[in-house]
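Reader: Please take me through one part of this model closely, and then connect that part to the rest of the chain. I would like the residues by name.

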Amino acid sequence: MGRPELPLPQLHAFVVLAEELHFGHAATRLGIAQPPLSQQIRRLEDKVGYPLFSREPGRISLTPAGRELLPAAQHALTHLAEGLAAAREVGSGKAGRLRIGFAASLALTVLPSLLRTFRERFPGVGLDIQEMTTTPQLAALRERTIDIGLVREPPNDDPELDFGTVLTEPFVAVLSTSHPLAAQRVVRVEQLANCPFVLLPRAVGPPLYDQIADLCITAGFTPQVTQHAVEWQTVCALVETGLGVSLAPESIRRIRLKGVAFRRIDPDTVRTRVAVAWRKNDSNPLVPGILAALNQDPPDRL
């Protein structure tokens, strides 16, 4: 069955007249004169092929065809009004769904306050939260499978993406509590020269990996990475077992493991950057909303 070609003014005029059963009252509600109202009804009856109203002196009533059409017409107009209202909400950025990617370590710092502020400002927006490391997030943004990314050490320039710094933080040494260096309040980076390292694979975040490697190279050695883990929680768990040491962003110390010690390092001059990432010229009205939420309630600096 093809879609019926029913202009909205005709359908609206029919419903109002069916509710009023009086041409004068219906015309007043519609804000038009009676002759145009009569013309709208006649055109609709021509499309139906049968009279919708029985017209008698001083009285009109719905015909069987009119009574059959009325619920469907009311339903259509109601759903259209609801659809228009929903479209306006989405268009204004007050409704819809926003897909957010985030690096796991940011669940300890940036993510909670960001989501809380955004949900307070936009309670009608649904959120799809996806945990992924930096490189997959950048790919997902380009492929339009997420709308916003919370990443570490984004590229300095990207033809498709924009970035805004959320915070910067120093690095700390991650040690087993049984490690001799855990007795120190500050660990010199060169003291880690002969230790096996546990790190994230370079592929999941090349700039962050290179920052850690450069810290070691500046201290006179190349880190001997003997174990890899794709999440910092796992890195800490492997350090706890004594499989090695690590250098990590300071927020990682919020991972509470009894057998792991976090110590400040010397030199303490390098900072890792946490950034929000989004597509350039993105037309999604929800994107400016979450960027504004970040600006309004930035996370605590560490």
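Author: In this predicted model, strand S1 (residues 53–56) and strand S2 (residues 59–62) run antiparallel and are joined by four bridges. One of the pairings is between serine 54 and serine 61, the latter being the bridge partner in S2. Two residues lie between the strands, which form a hairpin, and glycine 58 in the turn has a positive phi of about 75 degrees.

Asparagine 281 counts as exposed because its relative accessibility is 80%, where exposed means over 50%.

Another loop, between S11 and S12, holds proline 267. Aspartate 266 and proline 267 are joined by a cis peptide bond, with omega at about 5 degrees.

Next, the helices. Helix H2 (residues 23–30) and helix H3 (residues 34–48) have axes that come within 9 Å and cross at roughly 95 degrees. H2 is therefore roughly perpendicular to H3. The residues that meet are Phe23, Gly24, Ala26, Ala27 and Leu30 from H2, and Gln34, Leu37 and Ser38 from H3.

Helix H6 (residues 134–142) has Thr134, Gln137, Leu138, Ala140 and Leu141 as its buried residues. Viewed down the axis of H6, these fall within an arc of 160 degrees, so they line one face of the helix. Their cover includes strand S3 (96–102), strand S5 (148–152), S6 and strand S12 (271–279). Just after H6 comes arginine 144, already named for its positive phi.

The largest has 37 residues, of which Leu175, Leu192, Phe197, Trp232 and Leu247 touch the most other members. At least two residues of this core come from each of strand S6 (161–176), strand S8 (196–199), helix H7 (206–218), helix H8 (232–240), strand S10 (246–249) and strand S11 (260–266). A second, separate core has 26 residues, including Ile100, Val125, Val274 and Leu291.

Leaving aside neighbours within four places in sequence, leucine 247 is in contact with Phe171, Val172, Ala173, Leu192, Phe197, Leu199, Ile212, Leu215, Cys216, Trp232 and Ile265.

How values were computed. Residues numbered from 1 in each chain as written. Predicted model: local features only at pLDDT ≥ 70, side-chain atom pairs only at ≥ 80, totals over all residues. Heavy atoms only, no water. Core = buried A, V, L, I, M, F, W, Y, C linked by side-chain atoms within 4.5 Å. Buried < 20%, exposed > 50% of the residue type's maximum accessible area, 1.4 Å probe, protein only. Contact = heavy atoms within 4.5 Å. Arc of directions from axis to C-beta. Pairing = 2+ DSSP bridges. Axes fitted to C-alpha atoms, helices over the stretch in contact; angles between N-to-C directions. Parallel < 35°, antiparallel > 145°, perpendicular 65-115°, else oblique.
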